[in-house]
Amino acid sequence: MSENSCNKRECDAVLVCDDLCKCYGGVIQASDHIHFELYRGEVHALLGENGAGKSTLMKMLYGIEQPDEGKIFINGKETALNEPAAAIAHGIGMVHQELMLIPHLSVMENIILGKETRTRCGTLDRRTACKEIKELSNAYGLELDPDALVEKLTIGQRQRVEIMKLLYRKADILIFDEPTALLTPRESDALFDVLRRLKAMGKSIVFITHKLREVYQIADRMTVIRGGRIVGVTTPQETDVTALTYMMVGKTVSRERRIPHAMGAAVVLDVENAVVTGADNLRLVDNVSFSVRAGEVLGVAGIEGNGQTALAQAILGIARISQGSIRLEGRELSKCTTKRIRQEGVGSIPDDRQGAGLILSMRIFENMILNEYDKKPFSPHAIYEDWGRVRQYAKEKISDYSIAAANESVYVSSLSGGNQQKIVAARELTKTCRLLIAAQPTRGVDIASADYIQSRILEAAAEGCAVVFISSDLDELMKVSDRIMVMFRGKVTGIVDGDAADRESLGKLMLGETDGIPSEDRNQYS
Amino acid sequence: MKKSGIRLSVFSLILALLLVGFTIAATGRNPVSVYGAILAGSFGSVKGFLNVLAYMLPLVMTGLGAAVAFQSGVFNIGGEGQVLVGGLASVIVGLLVPFPAPWGYLAAMTAGFLAGAVWAVLPTLIAGRNLASLSVATIMMNSIAELLTEYIVKQFFQREGASNTETVVVNDGCILPRFFPSTQFNYGIFVAVISVLLVTWLLYKTPFGFSLRAMGNNPRAMEQAGVPIYRRTLAAMFISGGLFALGGSIQCLAVYKRFVMGFSPGYGWDGITVATLAANSPAGVLLSAFLFGMLRSASINMSLTNQVTTEMISVLQGLIVILVASPMVWTTMRNLLDAAKGRVSLLFQKKAEVDVK
């Protein structure tokens, strides 16, 4: 890049953060002299692991947090962003990871909420609002029906509503916080098209992510953050995936597919025609059949909310199947209590880590024994809990799983997502575990911890544990699974061999299009 | 009890005392002398102190009842009804059973415990697994208990010639003895202390207690772990209801020696307050029940000496609870303090800069 163009670009910087510092509790330097520049009309990826300081930076840009030191310039003018309203007034808008929409209101109502157009009588001017929204959606190619109820929309469509909300407020700088986390591959591609169009219309986009693939698809430039510091500013052309991973994590991480190992012959889990019925007689799990052998990792792919959670709960006996059977090594489980199923050696990493996997308001050692608090050696007899023994056990697990915690009495709420998940994994992967149901075990977990948790799960599989690995991250599934089962609306749309799986055909199966795989494959499993 | 819990309670207590102090001052009286009178009334004489202990006893029991329920994440708001039912059951046994002391009053207390426990389990069975409807169901059981006890007393046990709804005095062996005839302080203190020890041991030293506390903190995690949540809820309600009821039993068997309609000025409700101030710790319940005993004792003496209305004590109690139950007050105060500190240091900085110039 020549001197000249560089200078030209400097002038074009719509947003400059100069030396931003932010400390939490006087100790943790969440943002350490961060210098960040966003040019007009670019998609700028902000890369970093969980806890690297991406969100802190974004919170400062969006006025949720104020920097301790440093300045923010918007269009060359120094600006103080004290609250989100100030950020919006300066043309900064944010699409949060969890979409902030009101399901019972229409698309139009959601968009204008907080910036309503009024008629002369002071009532809501729906007609003008609808017209403006239609104009916007034509200009940016965002197809939306202003009168549709948000609750009826897909996640991808809801995200468009969020984007429209920002455009309606005349935002020029759009911040996307992990926007593809809940999208299917196809929806992600559609989103990227929208981003490109926004870019072409002169909007500047900050794209927060930890998925490297996406960076190469969409980003013009990227800034990598680690430990609150900028590690580097680069472009996709200059840096390859390995180098980028190294920048993010600070060490090399294997992204290779695992080496296949010998599987046992014995079928551990055998699910046959299982049906779980939810509210409104909706079939959450619809006639699902599959089996997992000892040492096998069965990946379960699918957009979230397509029956994976219900299936996991059915195996654990938390949800009941109304038809079919679930057998563990030949014995029927579907009539057993959860306690009994657990005793049979079924481990579970639930997808809602903080809601169902841990007790955040309790200490590490207490969280380590949730399954076994009433068993020997922790409880030598029914009226005595041997806390000394429990603490000792927790200490061993902490060092075994290299959990970053001062000691075993630390409250779990104070740990990072990665360390929290390691506690769940350490608790569930005991020696007696014969079947592990791992649901989204690496979601919201930093790369190093995710890698570690994956490897521990694979280790357990190598020792003969059957694993059902539920994930919405296809890359992860293709890395760890022997076979991948795809679920759509509670049904199994296909089971493919891990070696033969590719993103495209899995993506099609995730949307219920079964013609994506060879027909003999389907016959074999259906 | 977590450290933050202790800090919050002490802070709320001090803030409440200050606020009520201002109110007293605004009505033209000296808050220092009022608070002095409360302390003097409680610690100034042996009799006064024993009276405070006597007022404390039912509150310890109901406080423990609430603490067990809250630690298990079960909202038992039916304490008042359980107190009434427990009191009546104890008195009925006391009227019918001819055992000598201590068997008489032990039998009566046991009956009280069981009656309260059943009275608490009943709405749990009706409400089923829905915790939200459980609190509504328990609260409704209060009114039922009030009218039911009145009906039973009037119908079967009404003392001839009494203007109140009340029973005759229970058999001698069933009266819970007082230590000194001149004060109401009674053997209930043994029940209270043993209950505190037992509940502490149950919650913190047994696997069962751990499962209750863990359920209270996150029932879904325990469901995942295979703990039968509904059975634990029933168990927590059983214990909680029994403890609430013992508060009524002590009051009926030791203080009134009979069942008098309206004997409870709201022990069941105060138990929730006591437990809240104690951050649901059994040992803390002992302390906060003592404090509330002091206030109750003072509210009876106060109006005579300082002419501060007894309502002022209720205001103080209410304020304490509002403050404890509103952690935001604590954060807001700290933020204000920090802001003030920042402004002061800025002022000094500017002054220093000016000085340098």
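In this predicted model, Asp352(A) and Arg220(B) form a salt bridge. Their closest O and N atoms lie 3.0 Å apart. That distance falls within the 4 Å limit for a salt bridge, so the pair qualifies. Between chain A and chain B, the count of salt bridges is two. Polar contacts also cross the interface of these chains: 10 residue pairs are found, with both residues at pLDDT 80 or more.

On chain A, two helices each supply at least two residues of the side that touches chain B. They are helix H11, spanning 338–343, and helix H12, spanning 353–357. This side of chain A has 15 nonpolar residues, eight polar residues and six charged residues.

The size of an interface is often given as the accessible area lost when the parts come together. For chain A and chain B, the buried area is about 2,100 Å². Carbon and sulfur atoms give 57% of that area. Chain A brings 29 residues to the contact, and chain B brings 21 residues.

Within chain B, a helix pair was examined. Helix H3 (residues 46–71) packs against helix H11 (residues 267–277) at an angle of about 65°. The axes of H3(B) and H11(B) are 7 Å apart. H3(B) passes H11(B) in a right-handed crossing. From H3(B), the contact includes Pro58(B), Leu59(B), Ala66(B) and Phe70(B). From H11(B), residues in the contact include Tyr267(B), Asp270(B), Ile272(B) and Val274(B). By class, nine residues of this helix contact are nonpolar, four are polar and one is charged.

Technical notes: Residues numbered from 1 in each chain as written. Chains lettered and ligands numbered in written order. Predicted model: local features only at pLDDT ≥ 70, side-chain atom pairs only at ≥ 80, totals over all residues. Heavy atoms only, no water. Contact = heavy atoms within 4.5 Å. Buried area = accessible area lost by both parts, 1.4 Å probe. Salt bridge = Lys/Arg side-chain N within 4 Å of Asp/Glu carboxyl O. Polar contact = N/O pair within 3.5 Å; in protein donor to acceptor, adjacent residues only side chain to side chain. Helix = DSSP H or I, 4+ residues; strand = E, 2+ residues; numbered from the N terminus. Nonpolar A, V, L, I, M, F, W, Y, C, P; charged D, E, K, R; others polar. Axes fitted to C-alpha atoms, helices over the stretch in contact; angles between N-to-C directions. Left-handed = near helix turned anticlockwise from the far one by under 90°.
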